[in-house]
Amino acid sequence: MLYPELFKQLESVRWDMDKDIPWDKFDPSLLTEEQAQTIKMNAITEWSALPATEMFLRDNRDDSDFSAFMSIWFFEEQKHSLVLIEYLKRFRPDLVPTEQELHDVRFEFEPAPPLETLMLHFCGEIRLNHWYRRASEWHTEPVIKHIYQTLSQDEARHGGAYLRYMKRAINNFGNEAKAAFAKVGVLMASARRTAQALHPTNLHVNKALFPRDTIQSRLPNPEWLEHWLDTQIKFDAVWETKVVERILHNLSLLMDRSFKSVQELNRYRKELQASLASAVPTPKPA
(Lines give C-alpha, C1' and ligand atoms only; values in the text may rest on other atoms or scores of the structure.)
Protein backbone atom coordinates (compact mmCIF):
# COMPACT_ATOMS: atom_id res chain seq x y z
CA MET A 1 0.00 0.00 0.00
CA LEU A 2 1.19 3.50 -0.84
CA TYR A 3 -1.08 5.40 1.54
CA PRO A 4 0.95 4.89 4.77
CA GLU A 5 4.18 6.07 3.12
CA LEU A 6 2.54 9.02 1.38
CA PHE A 7 0.90 10.03 4.65
CA LYS A 8 4.30 10.23 6.36
CA GLN A 9 5.88 12.11 3.46
CA LEU A 10 3.15 14.71 3.13
CA GLU A 11 2.66 15.07 6.87
CA SER A 12 6.35 15.96 7.29
CA VAL A 13 6.07 18.99 4.97
CA ARG A 14 2.53 20.12 5.77
CA TRP A 15 2.25 23.84 6.43
CA ASP A 16 0.31 25.43 9.26
CA MET A 17 -2.13 28.18 8.35
CA ASP A 18 -1.47 30.19 11.50
CA LYS A 19 2.29 29.71 11.81
CA ASP A 20 3.53 29.45 8.22
CA ILE A 21 1.56 32.23 6.51
CA PRO A 22 3.11 35.66 7.23
CA TRP A 23 -0.20 37.42 7.95
CA ASP A 24 1.58 40.30 9.70
CA LYS A 25 3.37 41.24 6.46
CA PHE A 26 0.11 42.31 4.76
CA ASP A 27 0.41 45.59 2.87
CA PRO A 28 -3.01 46.99 1.85
CA SER A 29 -1.43 49.42 -0.60
CA LEU A 30 -0.18 46.48 -2.70
CA LEU A 31 -3.51 44.68 -3.16
CA THR A 32 -5.53 45.89 -6.14
CA GLU A 33 -9.25 45.37 -6.66
CA GLU A 34 -8.76 43.06 -9.63
CA GLN A 35 -6.28 40.96 -7.67
CA ALA A 36 -8.70 40.65 -4.76
CA GLN A 37 -11.46 39.53 -7.13
CA THR A 38 -9.25 36.75 -8.51
CA ILE A 39 -8.58 35.46 -5.00
CA LYS A 40 -12.32 35.00 -4.50
CA MET A 41 -12.65 33.07 -7.77
CA ASN A 42 -9.70 30.83 -6.90
CA ALA A 43 -11.15 30.15 -3.45
CA ILE A 44 -14.37 28.92 -5.06
CA THR A 45 -12.52 26.89 -7.70
CA GLU A 46 -10.45 25.13 -5.04
CA TRP A 47 -13.70 24.17 -3.26
CA SER A 48 -14.34 21.82 -6.20
CA ALA A 49 -12.00 19.33 -4.51
CA LEU A 50 -15.18 18.26 -2.71
CA PRO A 51 -17.06 16.87 -5.75
CA ALA A 52 -13.78 15.55 -7.18
CA THR A 53 -13.23 13.54 -4.00
CA GLU A 54 -16.77 12.18 -4.15
CA MET A 55 -16.05 11.09 -7.73
CA PHE A 56 -12.76 9.41 -6.79
CA LEU A 57 -14.33 7.48 -3.91
CA ARG A 58 -17.27 6.37 -6.05
CA ASP A 59 -15.16 5.24 -9.01
CA ASN A 60 -12.43 3.55 -6.92
CA ARG A 61 -14.56 1.47 -4.56
CA ASP A 62 -12.36 -1.54 -5.31
CA ASP A 63 -9.17 0.31 -4.36
CA SER A 64 -9.01 1.00 -0.63
CA ASP A 65 -5.38 2.15 -0.78
CA PHE A 66 -6.08 4.96 -3.27
CA SER A 67 -9.36 5.81 -1.54
CA ALA A 68 -7.51 6.20 1.76
CA PHE A 69 -5.02 8.54 0.05
CA MET A 70 -7.98 10.74 -0.82
CA SER A 71 -8.16 11.66 2.88
CA ILE A 72 -4.81 13.44 2.44
CA TRP A 73 -5.50 14.96 -0.97
CA PHE A 74 -8.96 16.19 0.02
CA PHE A 75 -7.71 17.70 3.28
CA GLU A 76 -4.87 19.58 1.62
CA GLU A 77 -6.89 20.75 -1.40
CA GLN A 78 -9.75 21.90 0.79
CA LYS A 79 -7.22 23.83 2.90
CA HIS A 80 -6.25 25.73 -0.27
CA SER A 81 -9.76 27.10 -0.47
CA LEU A 82 -9.75 27.76 3.26
CA VAL A 83 -6.52 29.79 3.29
CA LEU A 84 -7.75 31.97 0.40
CA ILE A 85 -11.03 32.52 2.23
CA GLU A 86 -9.09 33.35 5.41
CA TYR A 87 -7.09 35.94 3.46
CA LEU A 88 -10.31 37.57 2.29
CA LYS A 89 -11.85 37.41 5.78
CA ARG A 90 -8.88 39.28 7.17
CA PHE A 91 -8.28 41.82 4.45
CA ARG A 92 -11.31 41.95 2.09
CA PRO A 93 -14.31 40.59 4.03
CA ASP A 94 -16.69 42.02 1.43
CA LEU A 95 -15.36 39.44 -1.06
CA VAL A 96 -15.65 36.30 1.10
CA PRO A 97 -17.58 33.70 -0.97
CA THR A 98 -21.04 32.88 0.29
CA GLU A 99 -21.90 29.33 1.27
CA GLN A 100 -24.18 29.18 -1.78
CA GLU A 101 -21.37 30.25 -4.12
CA LEU A 102 -19.21 27.46 -2.72
CA HIS A 103 -22.03 24.93 -2.87
CA ASP A 104 -22.73 25.79 -6.53
CA VAL A 105 -19.50 24.07 -7.63
CA ARG A 106 -20.51 20.86 -5.89
CA PHE A 107 -22.30 18.63 -8.37
CA GLU A 108 -22.04 15.02 -9.44
CA PHE A 109 -19.30 14.18 -11.93
CA GLU A 110 -20.25 11.52 -14.46
CA PRO A 111 -18.58 8.13 -13.97
CA ALA A 112 -15.36 7.80 -15.94
CA PRO A 113 -12.65 5.14 -16.32
CA PRO A 114 -10.48 5.39 -13.18
CA LEU A 115 -7.16 5.15 -15.03
CA GLU A 116 -8.04 8.01 -17.39
CA THR A 117 -9.29 10.09 -14.46
CA LEU A 118 -6.06 9.46 -12.55
CA MET A 119 -3.98 10.69 -15.48
CA LEU A 120 -6.25 13.69 -16.00
CA HIS A 121 -5.76 14.81 -12.41
CA PHE A 122 -2.02 14.13 -12.54
CA CYS A 123 -1.81 16.54 -15.48
CA GLY A 124 -4.11 18.94 -13.65
CA GLU A 125 -1.72 19.07 -10.69
CA ILE A 126 1.18 19.92 -13.01
CA ARG A 127 -0.88 22.66 -14.63
CA LEU A 128 -2.02 24.10 -11.30
CA ASN A 129 1.56 24.14 -10.03
CA HIS A 130 2.51 26.35 -12.97
CA TRP A 131 -0.64 28.49 -12.76
CA TYR A 132 -0.01 29.28 -9.11
CA ARG A 133 3.65 30.02 -9.71
CA ARG A 134 2.57 32.60 -12.26
CA ALA A 135 -0.12 33.91 -9.90
CA SER A 136 2.52 34.39 -7.20
CA GLU A 137 4.64 36.38 -9.65
CA TRP A 138 1.70 38.49 -10.82
CA HIS A 139 0.44 39.47 -7.39
CA THR A 140 2.12 42.41 -5.67
CA GLU A 141 0.89 41.98 -2.08
CA PRO A 142 3.46 39.88 -0.13
CA VAL A 143 1.08 37.66 1.88
CA ILE A 144 -0.92 36.46 -1.12
CA LYS A 145 2.32 35.98 -3.09
CA HIS A 146 3.49 33.67 -0.30
CA ILE A 147 0.15 31.82 -0.26
CA TYR A 148 0.20 31.10 -3.98
CA GLN A 149 3.78 29.89 -3.79
CA THR A 150 2.76 27.58 -0.94
CA LEU A 151 -0.19 26.23 -2.93
CA SER A 152 2.00 25.63 -6.00
CA GLN A 153 4.34 23.47 -3.93
CA ASP A 154 1.40 21.43 -2.62
CA GLU A 155 0.19 20.82 -6.18
CA ALA A 156 3.64 19.58 -7.20
CA ARG A 157 3.67 17.11 -4.30
CA HIS A 158 0.18 15.92 -5.19
CA GLY A 159 1.33 15.32 -8.76
CA GLY A 160 4.17 13.20 -7.39
CA ALA A 161 1.73 11.16 -5.31
CA TYR A 162 -0.54 10.55 -8.31
CA LEU A 163 2.53 9.46 -10.26
CA ARG A 164 3.20 6.79 -7.63
CA TYR A 165 -0.31 5.41 -8.17
CA MET A 166 0.22 5.51 -11.92
CA LYS A 167 3.38 3.42 -11.55
CA ARG A 168 1.45 0.95 -9.43
CA ALA A 169 -1.29 0.80 -12.08
CA ILE A 170 1.25 -0.07 -14.78
CA ASN A 171 2.61 -2.86 -12.58
CA ASN A 172 -0.93 -4.16 -12.09
CA PHE A 173 -2.51 -3.60 -15.52
CA GLY A 174 0.41 -3.28 -17.94
CA ASN A 175 -0.42 -1.96 -21.39
CA GLU A 176 -4.01 -1.22 -20.44
CA ALA A 177 -2.77 1.40 -17.96
CA LYS A 178 -0.11 2.69 -20.35
CA ALA A 179 -2.72 3.13 -23.09
CA ALA A 180 -5.03 5.05 -20.76
CA PHE A 181 -2.24 7.35 -19.61
CA ALA A 182 -0.95 7.92 -23.16
CA LYS A 183 -4.46 8.70 -24.40
CA VAL A 184 -5.07 11.40 -21.79
CA GLY A 185 -1.46 12.57 -22.03
CA VAL A 186 -1.91 13.34 -25.73
CA LEU A 187 -5.11 15.21 -24.95
CA MET A 188 -3.60 17.30 -22.14
CA ALA A 189 -0.22 17.92 -23.77
CA SER A 190 -1.94 19.06 -26.96
CA ALA A 191 -3.63 21.92 -25.11
CA ARG A 192 -2.85 25.39 -26.37
CA ARG A 193 -3.75 28.64 -24.73
CA THR A 194 -6.45 29.63 -27.19
CA ALA A 195 -10.15 29.65 -26.39
CA GLN A 196 -9.95 27.38 -23.36
CA ALA A 197 -7.44 26.07 -20.89
CA LEU A 198 -7.68 22.31 -20.90
CA HIS A 199 -8.01 21.32 -17.28
CA PRO A 200 -10.47 19.39 -15.09
CA THR A 201 -12.13 22.67 -14.08
CA ASN A 202 -13.62 23.21 -17.53
CA LEU A 203 -13.93 19.78 -19.10
CA HIS A 204 -17.54 18.61 -19.40
CA VAL A 205 -18.15 16.39 -16.40
CA ASN A 206 -21.97 16.19 -16.32
CA LYS A 207 -23.58 16.69 -19.71
CA ALA A 208 -27.07 16.54 -18.20
CA LEU A 209 -26.36 19.91 -16.57
CA PHE A 210 -25.20 21.58 -19.81
CA PRO A 211 -24.38 24.44 -20.13
CA ARG A 212 -23.61 24.58 -16.38
CA ASP A 213 -21.73 21.28 -16.48
CA THR A 214 -18.23 22.42 -15.53
CA ILE A 215 -16.67 24.03 -12.47
CA GLN A 216 -15.85 27.11 -14.53
CA SER A 217 -19.42 27.54 -15.76
CA ARG A 218 -20.73 27.50 -12.19
CA LEU A 219 -18.52 30.31 -10.92
CA PRO A 220 -20.07 33.73 -10.17
CA ASN A 221 -18.13 34.95 -13.21
CA PRO A 222 -17.76 32.09 -15.74
CA GLU A 223 -15.49 34.21 -17.95
CA TRP A 224 -13.01 34.75 -15.13
CA LEU A 225 -10.66 31.82 -15.80
CA GLU A 226 -9.73 32.80 -19.36
CA HIS A 227 -9.28 36.44 -18.34
CA TRP A 228 -7.09 35.43 -15.38
CA LEU A 229 -4.90 33.21 -17.55
CA ASP A 230 -4.66 35.37 -20.65
CA THR A 231 -4.69 38.92 -19.34
CA GLN A 232 -3.71 38.83 -15.68
CA ILE A 233 -1.16 36.10 -14.93
CA LYS A 234 -0.34 35.90 -18.67
CA PHE A 235 -0.09 32.14 -18.91
CA ASP A 236 1.30 32.31 -22.44
CA ALA A 237 2.79 29.81 -24.88
CA VAL A 238 6.11 29.82 -23.00
CA TRP A 239 4.40 28.70 -19.79
CA GLU A 240 2.13 26.27 -21.59
CA THR A 241 5.24 24.69 -23.09
CA LYS A 242 6.63 24.22 -19.57
CA VAL A 243 3.49 22.26 -18.65
CA VAL A 244 3.72 20.09 -21.76
CA GLU A 245 7.41 19.41 -21.13
CA ARG A 246 6.67 18.26 -17.56
CA ILE A 247 3.90 15.95 -18.75
CA LEU A 248 6.13 14.43 -21.44
CA HIS A 249 9.09 14.13 -19.05
CA ASN A 250 7.08 12.28 -16.43
CA LEU A 251 5.46 9.99 -19.00
CA SER A 252 8.92 9.21 -20.39
CA LEU A 253 10.03 8.09 -16.93
CA LEU A 254 6.79 6.22 -16.37
CA MET A 255 6.84 4.34 -19.68
CA ASP A 256 10.65 3.94 -19.78
CA ARG A 257 10.65 5.52 -23.23
CA SER A 258 11.63 9.02 -24.32
CA PHE A 259 8.90 11.37 -25.59
CA LYS A 260 10.27 14.63 -26.97
CA SER A 261 6.96 15.71 -28.48
CA VAL A 262 3.23 15.07 -28.35
CA GLN A 263 3.56 13.45 -31.78
CA GLU A 264 5.97 10.83 -30.38
CA LEU A 265 3.58 10.15 -27.50
CA ASN A 266 0.70 9.79 -29.94
CA ARG A 267 2.64 7.27 -32.03
CA TYR A 268 3.31 5.27 -28.87
CA ARG A 269 -0.41 5.47 -27.99
CA LYS A 270 -1.26 3.95 -31.38
CA GLU A 271 1.32 1.18 -30.84
CA LEU A 272 -0.32 0.34 -27.52
CA GLN A 273 -3.77 0.34 -29.09
CA ALA A 274 -2.59 -2.07 -31.79
CA SER A 275 -0.96 -4.30 -29.22
CA LEU A 276 -4.09 -4.42 -27.07
CA ALA A 277 -6.28 -5.08 -30.12
CA SER A 278 -4.09 -7.99 -31.24
CA ALA A 279 -4.21 -9.47 -27.76
CA VAL A 280 -8.01 -9.73 -27.83
CA PRO A 281 -8.90 -13.34 -28.75
CA THR A 282 -10.81 -13.72 -31.99
CA PRO A 283 -14.28 -15.24 -31.38
CA LYS A 284 -14.61 -18.77 -32.79
CA PRO A 285 -17.28 -19.22 -35.46
CA ALA A 286 -20.47 -20.84 -34.20
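Q: In this predicted model, how many residues does the largest nonpolar core have?
A: Within the predicted model, the residues with the most contacts inside the largest nonpolar core are Phe69, Tyr87, Ile147, Phe181, Trp228 and Leu251. One of these, Phe181, is in contact with Leu115, Leu118, Met119, Met166, Ala169, Ile170, Leu251, Leu254 and Met255 once its neighbours within four places in sequence are left aside. The number of residues in this core is 88.

Q: What distance separates the end C-alpha atoms of helix α7, and what span should its residues give?
A: Helix α7 covers residues 142-173, and at 1.5 Å a residue its 32 residues should span 46 Å.

Q: Is Asn129 buried or exposed?
A: Asn129 lies in helix α6, residues 114-138, and, not counting residues up to four places away in sequence, Asn129 touches Ser152, Gln153, Glu155 and Ala156. Its relative accessibility is 11%, and because the cut-off for burial is under 20%, Asn129 counts as buried.

Q: Why are Glu86 and Arg90 separated by about one helical turn?
A: The side chains of Glu86 and Arg90 meet in a salt bridge, at 2.8 Å from N to O, and both count as partly exposed, Glu86 at 22% relative accessibility and Arg90 at 40%. Both residues lie in helix α4, residues 64-91, and the separation is about one helical turn because they are apart by 4 residues.

Q: Which residue forms a salt bridge with Arg127?
A: Side chains of opposite charge can pair when their charged atoms come close. Arg127 has a partner whose closest N and O atoms are 2.6 Å apart, and the pair links distant parts of the chain, helix α6 and helix α10, 113 residues apart. Arg127 is buried at 1% relative accessibility, and the partner is buried with a relative accessible area of 3%; that partner is Glu240.

Q: How many salt bridges does a search of the whole structure find?
A: Among them is the bridge between Glu271 and Arg257, with the closest N and O atoms 3.0 Å apart, which links helix α11 to the loop between α10 and α11. Salt bridges that share partners also join Glu11, Arg14 and Glu76 into one network. The search of the whole structure finds 17.

Technical notes
Residues numbered from 1 in each chain as written. Predicted model: local features only at pLDDT ≥ 70, side-chain atom pairs only at ≥ 80, totals over all residues. Heavy atoms only, no water. Core = buried A, V, L, I, M, F, W, Y, C linked by side-chain atoms within 4.5 Å. Buried < 20%, exposed > 50% of the residue type's maximum accessible area, 1.4 Å probe, protein only. Contact = heavy atoms within 4.5 Å. Helix = DSSP H or I, 4+ residues; strand = E, 2+ residues; numbered from the N terminus. Expected span 1.5 Å × (residues − 1). Salt bridge = Lys/Arg side-chain N within 4 Å of Asp/Glu carboxyl O.
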